[in-house]
Amino acid sequence: MRERIGKLLGEDVEKKIVLGTFHSISRRYLSAYGKRIGLDSNFSIADDGDSKGIIKRICERLKLTVEPSYAKSWISKRKAKGNHSTTSQKGKKADHPDLLKCYEEYQEHLQRSNLLDYDDLLVRCVELLEKNASCVSNVQSVLIDEYQDTNGIQYELMKLFAQKQGRITVVGDPDQSIYGWRSAEVRNLYRLLREFPGTDEVSLEENYRSSQSILDISLRVIQEDKRRYQKALTPVHAKGTRPVLRKLTSSSNEGEWIVSEIKRLILMLGGMLKHEDVAILLRSAALSRHVESALGKAGISYRMIGGHKFYERKEIKVLIDYLRVVYQPENNDAVARIINVPRRGIGEATVKSLLAEAELEKLSVWTVIIKHCRGDRKATTNIRAKMEQRLSSELMRIINGLQQKAADITASSSFSLVDLIEQLISQLNYKKYLEDEYANDHETRWANVREFVNLVSDYLRDSTNTEDDELPEVDEVEQSEQDSMLGKFLANVSLASDAQRGSGKQDQSSMITISTIHAAKGLEWPIVFVPSVYTGSMPHSRAEDIDEERRLLYVAMTRAQALLYLSCPLYGPQGFSNKVELSDFVAPFAEVAFASKGPSVDEPVIQTIGKILDRDPPQSKVIFEKLPPMTSVEDDRFPENPFDPKNSDEIGDARLPRGVKRQRTDLSENSKAYVDEHQWDREYATTMEQSSAFTMSSLPGFVSVSQHQHTIAAANKAKEQATARKATITKGTNRRPADQKSLLNYVNQGSRPQQAAPSAADRSAFSSYSRYQAAASKFAAWTASEPLNTNSTLPQHKLPVGNQLARPSGRQPDNENRKRYACFSSSPTKPASPEKAEQEVSRDDPKPLARPATSFHATTFTAVRSLPRGVRRPVGMGPAPSMDRLRKPFKPLTINRPSGPERP
Ligand SMILES: Nc1ncnc2c1ncn2[C@@H]1O[C@H](COP(=O)(O)OP(=O)(O)OP(=O)(O)O)[C@@H](O)[C@H]1O
């Protein structure tokens, strides 16, 4: 920013600019002039951890009946409000005397130690500038960005910095106020207009970022807040494609769908967009696990903003290190990392010495410890008696106990890896440990731990489904026994983490962004995904201000430039015990306003995205030519209306998984199909696996959803029968089961014994299944021999009778103008002319919204001067703005400059 300003205003001006956050600028002033208020200029800053420790010790020493973490945030809020906060104190209960006592003691401690906490930086700077106006007498003007997120004390600072010239410019958007939890006060906007009646307002009505559809729908979300500041808005870009609200069965499906949609879009947009153009914005970092896991599986790298990657989180690393030691106690680094977690009085020096001793003696650290504790060999490292006692009664007991249990775990044992981890967590008293160590965010960390358990559970389920690990046998070459379950899991974790480990040299364009919504403020991406839009996540279950949560969703949605996706699973991250509901922020208009799946990426869509992003769109012909064979060109890998296993009439509750701890292997054969998701891809016979990749499911008029359900039932049944038949195969035969007729028998139908008539449901199921199969093989044969083209007569085409494998005879020769598809698609032929494109892109728009977009984003420009000096207040604002006035629809303003003397 400094550079850009320098370029515009010249180097001299650039040097004079003081640029930074409120905290950093305050620190600079306090260092320079703090002496004037009795501050030692060598003060240090107490960070959050320091403040927490000090408050905790005060509470213990004085036996105060307040939670240290609560006391800390109470003190912080109190400081943040400043002296002249507008927040009404009326009707508020008097503060608990213990809180006041804690505050007093805490301040005394900071003062004694020459420390300032983050809030003090602002509080003391206010004090400095109130008493010493000369320190800021050179300030010509003050500009504040993201003004809606300022709090009371920052408002005071702003005025104090501008006290000489009284020139203030603030830029902000009340609809984006999302820091209430940090004492930001959206009221500061109203306060400014009241306190500075000569303020000019300039409404920045044009939105240059997002497509009209994205703005319309974002506005619809925010308009539900009836108390919001009304503003006008003019979208600059074309309508674009409708934002999507995708429903998925589970959180893991949600992650997989996001990845498949990203891949599809990048492919279908022919390189116009890269991974760096995609962001996944989350309400809280704890939700990232499924997304990270799916990206890891797909080998797509990502960067995290506003959080750590899942496996890199401290609370997760500790558990993984424990598991590593259980699996392989010789792992010295892992032992060194856990030896004092939870605290066992073993300092860093002891750990270093143990590592050095082990290396010298060519032993593992673990062996050194064991031998020492058992009296077999005395360690040269000074291990005090108390330390020794805790090592043997805690660490060794836990590790040895779990080692025995881990050895017995197999894919089908009743004691699973999940149970092993649950035992580890309970033996470490891990919840308590997190509460003690991380007073501020232990809840989030504990939520991550639960997520980790879910992850292991998912891993077990997936690993019993796939045989990826197993190599085909080679004659007379013996394979070693497969690793233990724990070993396999740890290898999987290491590989997943390694795939994501940025070397620093990694090409940024190959990375998508995962970010919390808070951290995405002010940023933008061509494609934005907002997963987990359900009540409990958005609004968050612990949120106090629902309107602020709504604004948070609005911020997330308005980060998107061209394509916006929201999604919501039927079941949350905890699995089938955790049914969730679509967020009320979108539920009232979800059906009409959102598309239920990703858009077809055709010529008009590509052209429009190119225009919005100001990039050169590739020709669709080129894109289609480069598409890998069997690419699914539509967002059809997951059903639009996902199957809810718990609501199915066909499936009794008894056959449902019991909860997250339950392993796939524990389940009956039938319930397998419903554990993770509707088994759209997997339950068919071999040729129909990945059916969506063949795009058969989009063949016009081919299978309905209900037919599809029947098909699955039939597939299950067929599978069961096949299993039964397999069981009856006798040794030495040609592997034809006893009940299978020979070809001769088949021809000689007359002699075939009458079979029992199938039930109506079975008949229907089997008929759709066999129709499905017949068409699939026909399609496969046809696509194998012919280039993939469509023509308008195809939907009307009748399959020739009596020649099942014949090629459709009604096909026309290739035609230059005809659209080429790599795969068969149900998409209607699209107009090629770019003029039509924009109209066409919005062809699937819902009925016009109840209220057209009248406002979206306004930024307030205020030039504050102590005297109004003839700047006319805009029409309709009256002499002084009141709160009522501010809630009325905002009238676009034009600045009316006085024709009188020039401003100073
Ligand atoms: N006058 C303009 N002409 C063309 N593009 C513009 C113009 N002004 C802004 N933009 C573009 O619009 C996008 C949004 O601009 P900017 O980030 O400045 O908005 P903002 O008001 O800070 O948004 P927010 O507060 O929502 O983050 C950017 O891509 C920017 O390049």
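**Reading the contacts and helices of a predicted model**

Student: R124 forms a salt bridge with E127, with 2.9 Å between the closest N and O atoms. What makes this pair a salt bridge?

Tutor: The term asks for a side-chain nitrogen of Lys or Arg within 4 Å of a carboxyl oxygen of Asp or Glu, and the closest N and O atoms of R124 and E127 are 2.9 Å apart, so the pair R124 and E127 is called a salt bridge. Side chains of opposite charge can pair when their charged atoms come close. Bear in mind that this is a predicted model, in which local features need pLDDT of at least 70 and side-chain atom pairs count only at pLDDT 80 or more, while totals for chains, interfaces and linings use all residues. Residues are numbered from 1 along each chain as its sequence is written, and side-chain values use heavy atoms, with hydrogens and water left out.

Student: Why are R124 and E127 said to be separated by about one helical turn?

Tutor: R124 and E127 are three residues apart in helix 7 (residues 118–131), which means about one helical turn lies between them; helices here are DSSP runs of H or I with at least four residues, numbered from the N terminus.

Student: What does E105 pair with in a salt bridge, and which parts of the chain does the pair link?

Tutor: E105 forms a salt bridge with R61, the closest N and O atoms being 3.2 Å apart. The pair links distant parts of the chain, since E105 is in helix 6 and R61 in helix 4 (residues 48–62), 44 residues apart. E105 is buried because its relative accessible area is 14%, whereas R61, at 52%, is exposed. Leaving aside neighbours within four places in sequence, E105 is in contact with I58, R61 and L62, where contact means heavy atoms within 4.5 Å.

Student: Why is helix 17 called roughly antiparallel to helix 18?

Tutor: Helix 17 (residues 385–407) and helix 18 (residues 417–427) pack at an angle of about 170 degrees, with axes 11 Å apart. Axes are lines fitted to C-alpha atoms, for helices over the stretch in contact, and angles run from 0 to 180 degrees between N-to-C directions. Angles under 35 degrees count as roughly parallel, over 145 as roughly antiparallel, 65 to 115 as roughly perpendicular and the rest as oblique, so helix 17 is roughly antiparallel to helix 18. Among the residues making the contact are I398, L402 and A406 of helix 17 and L420 and L424 of helix 18.

Student: What makes A406 count as buried?

Tutor: A406 has 10% relative accessibility and therefore counts as buried. Not counting residues up to four places away in sequence, A406 touches V326, L420 and L486.

Student: How do you know how helix 10 is placed against helix 22?

Tutor: The axes of helix 10 (residues 212–222) and helix 22 (residues 546–557) come within 9 Å and cross at roughly 175 degrees, which makes helix 10 roughly antiparallel to helix 22. Residues of helix 10, including I214 and I217, meet residues of helix 22, including R550 and Y554. R550 also meets D547 in a salt bridge (3.4 Å, N to O), and both R550 and D547 are buried.

Conventions
Helices (H or I, at least four residues) and strands (E, at least two) are DSSP runs, numbered from the N terminus. Buried means under 20% relative accessible area, exposed over 50%, partly exposed in between (1.4 Å probe, protein chains only).
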